Structures are given as structure tokens and as C-alpha cells.
Amino acid sequence: MTDAKTYDCPSPDCSFIAGGIAELTEHINTTHPGEYKREDWPDTEAGRATRERDRGDENDEE
Ligand SMILES: [Zn+2]
């Protein structure tokens, strides 16, 4: 067991799980180009983390 955090792809049609926010961002940029910028992009933890990865000090409860 590790404390490594994983990030589920926020796309409802995708079951990709990234091992880090950078990997998730790369996956989204590669697999869902432009999709994450949509207004209706799911407001999931991963989606917020992707958009707010330079902030990341909110909604940190799990
Ligand atoms: Zn995906």
C-alpha cells in the first residue's frame, strides 16, 4: 500500500485512471482534446484538479 493518489478520467465514457495529475492532464490532452474545456465537462475531483492544478488548495477533503 502506498499513499499515491490516483485520478479517474472525468469523462463519463472513459475509465482511464492516472497515477498523477500530470499523467491525467496528458491523457486528457491526448484522448479528449478540447473536451475538458467544455462548460459541461463533469465537475469531478479530477476535472477540478486538472483545471486548478496550479491552485489545488480547495476541496481537498477526501
Ligand atoms: Zn479519458
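The legends below accompany views of a predicted model.

**Figure 1. Overview of the predicted protein and its elements.**
The secondary structure consists of 2 helices and 2 strands. Along the sequence, these elements follow the pattern β-β-α-α. Of the 62 residues in the protein, 26% are buried. Among contacts between residues at least 6 apart in sequence, 32% join residues at least 24 apart.

**Figure 2. Confidence across the model.**
The average pLDDT of the protein is 74, and 50% of the residues score at least 70. Among the elements, strand 2 has the highest mean pLDDT, at 94. The lowest mean, 63, belongs to helix 2, which covers residues 45-51. Where pLDDT is low, the predicted coordinates should not be read in detail.

Four residues of the protein provide donors to the zinc ion: Cys9 and Cys14 through their SG atoms, and His27 and His32 through their NE2 atoms. These donors lie 1.9 to 2.4 Å from the zinc ion. Along the chain, the donors follow the spacing C-x4-C-x12-H-x4-H. The arrangement of the 4 donor atoms is tetrahedral because they subtend angles of 101 to 120° around the zinc ion. For four tetrahedral donors, the ideal angle at a metal is 109.5 degrees.

**Figure 3. Thr25 in helix 1.**
Thr25 is located in helix 1, which comprises residues 21-31. With a relative accessibility of 12%, Thr25 counts as buried. A polar atom of the Thr25 side chain lies 2.8 Å from the backbone oxygen of Ile21.

**Figure 4. Ile17 in strand 2.**
Strand 2 is formed by residues 17-18 and includes Ile17. The relative accessible area of Ile17 is 48%, so this residue is partly exposed. Residues up to four places away in sequence aside, Ile17 touches Thr6, Tyr7 and Asp8. Ile17 and Tyr7 are 10 residues apart along the chain, and 5.5 Å separates their C-alpha atoms.

**Figure 5. Ala18 and its surroundings.**
Ala18 also belongs to strand 2. Its relative accessible area is 0%, and Ala18 is therefore buried. Which residues does Ala18 touch, not counting those up to four places away in sequence? The residues in question are Lys5, Thr6, Tyr7, Glu23 and Leu24. Between Ala18 and Lys5, which are 13 residues apart in sequence, the distance in space is 8.8 Å from C-alpha to C-alpha.

**Figure 6. Thr6 before strand 1.**
Thr6 lies in the segment before strand 1, a strand that spans 7-8. At 49% relative accessibility, Thr6 counts as partly exposed. When neighbours within four places in sequence are left aside, Thr6 is in contact with Ile17 and Ala18.

Definitions and conventions: Residues are numbered from 1 along each chain as its sequence is written. This is a predicted model: local features need pLDDT of at least 70, side-chain atom pairs count only at pLDDT 80 or more; totals for chains, interfaces and linings use all residues. Side-chain values use heavy atoms; hydrogens and water are left out. Donors are N, O and S atoms within 2.8 Å of the metal (3.2 Å for Na, K and Ca); water is not among the atoms, so sites may look incomplete. Four donors count as tetrahedral if all angles lie between 85 and 135 degrees; four count as square planar and six as octahedral if opposite donors are over 155 degrees apart and all others between 65 and 115; anything else is irregular. Helices (H or I, at least four residues) and strands (E, at least two) are DSSP runs, numbered from the N terminus. Buried means under 20% relative accessible area, exposed over 50%, partly exposed in between (1.4 Å probe, protein chains only). Contact means heavy atoms within 4.5 Å. pLDDT is the predictor's confidence in each residue, from 0 to 100. A polar contact is a pair of N or O atoms within 3.5 Å; within protein, one must be able to donate a hydrogen and the other to accept it, and residues adjacent in sequence count only if both atoms are side-chain atoms.
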